[in-house]
Amino acid sequence: MSDIKPRVVSIHYTLTNDDGEVIDSSVGGEPLAYLEGAQNIIPGLENALRELSAGDKKKVSVDPSDAYGEYSAELVQVVPLEAFEGVEKVEPGMQFHAQTAGGARVIVVMEVSDDTATIDANHPLAGQTLHFDVEVMEMREPTEEEMSHGHVHGEGGHHH
């Protein structure tokens with residue numbers, strides 16, 4: 001039988017960069033749950049966890065190509081300050097959500113001059129190798145609803 005049902009996987013993870021700095025972690029909070037094959041998480045991590053079972057622990061290193069892509073100089077642009085509607089003072093380090101042809105992106109303001117701002121639309125983790133320390137909490141079959149929606153539903157409604 002080739003039509004293996006995707007599973008809903010719940011993991012606790014700690015994400016570090018090459019320098020060992022913790023970028024993100026679910027430990028101490030709710031585990032991260034995702035539906036296999038639905039692109040809920042980066043492909044490199046999902047592929048590495050496919051063979052695991054509940055209770056397994058694994059360290060996974062994901063190359064930029066399987067994570068958030070390489071850093072692209074083309075995504076750094078200079079835009080007029082008028083582009084920031086409704087923002088009184090545009091300052092370096094500010095983050096904005098913008099819709100682009102490639103979907104929603106977070107844009108970071110790098111520097112600001114009198115009437116322009118230099119923005120960087122690269123993902124903050126672009127070009128970085130990501131190191132995940134993962135513990136699989138549970139694996140279960142998805143509900144019909146989860147299958148049809150393509151994502152996992154929270155604790156709110158349980159269907160029996």
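Predicted model: local features only at pLDDT ≥ 70, side-chain atom pairs only at ≥ 80, totals over all residues.
Tutor: Local features need pLDDT of at least 70 and side-chain atom pairs 80 or more, while totals for chains, interfaces and linings use all residues. Residues are numbered from 1 along each chain as its sequence is written, and side-chain values use heavy atoms, without hydrogens and water.

Student: Why is strand β6 said to lie largely in the open?

Tutor: Buried means under 20% relative accessible area, exposed over 50%, partly exposed in between, with a 1.4 Å probe and protein chains only. Of the 6 residues of β6 (residues 95–100), the number buried is 0, so β6 lies largely in the open.

Student: What makes β5 and β6 edge strands?

Tutor: The open sheet has the order β5-β8-β7-β6, with antiparallel pairing. β5 (76–80) and β6 each have a single partner strand, so one side of each is left without a neighbour in the sheet.

Student: What makes the lining of the second largest pocket count as 10 nonpolar, 2 polar and 1 charged?

Tutor: Ala, Val, Leu, Ile, Met, Phe, Trp, Tyr, Cys and Pro count as nonpolar, Asp, Glu, Lys and Arg as charged, and the others, Gly among them, as polar. Applied to this lining, that division gives 10 nonpolar, 2 polar and 1 charged.

Note on methods. Helix = DSSP H or I, 4+ residues; strand = E, 2+ residues; numbered from the N terminus. Pairing = 2+ DSSP bridges.
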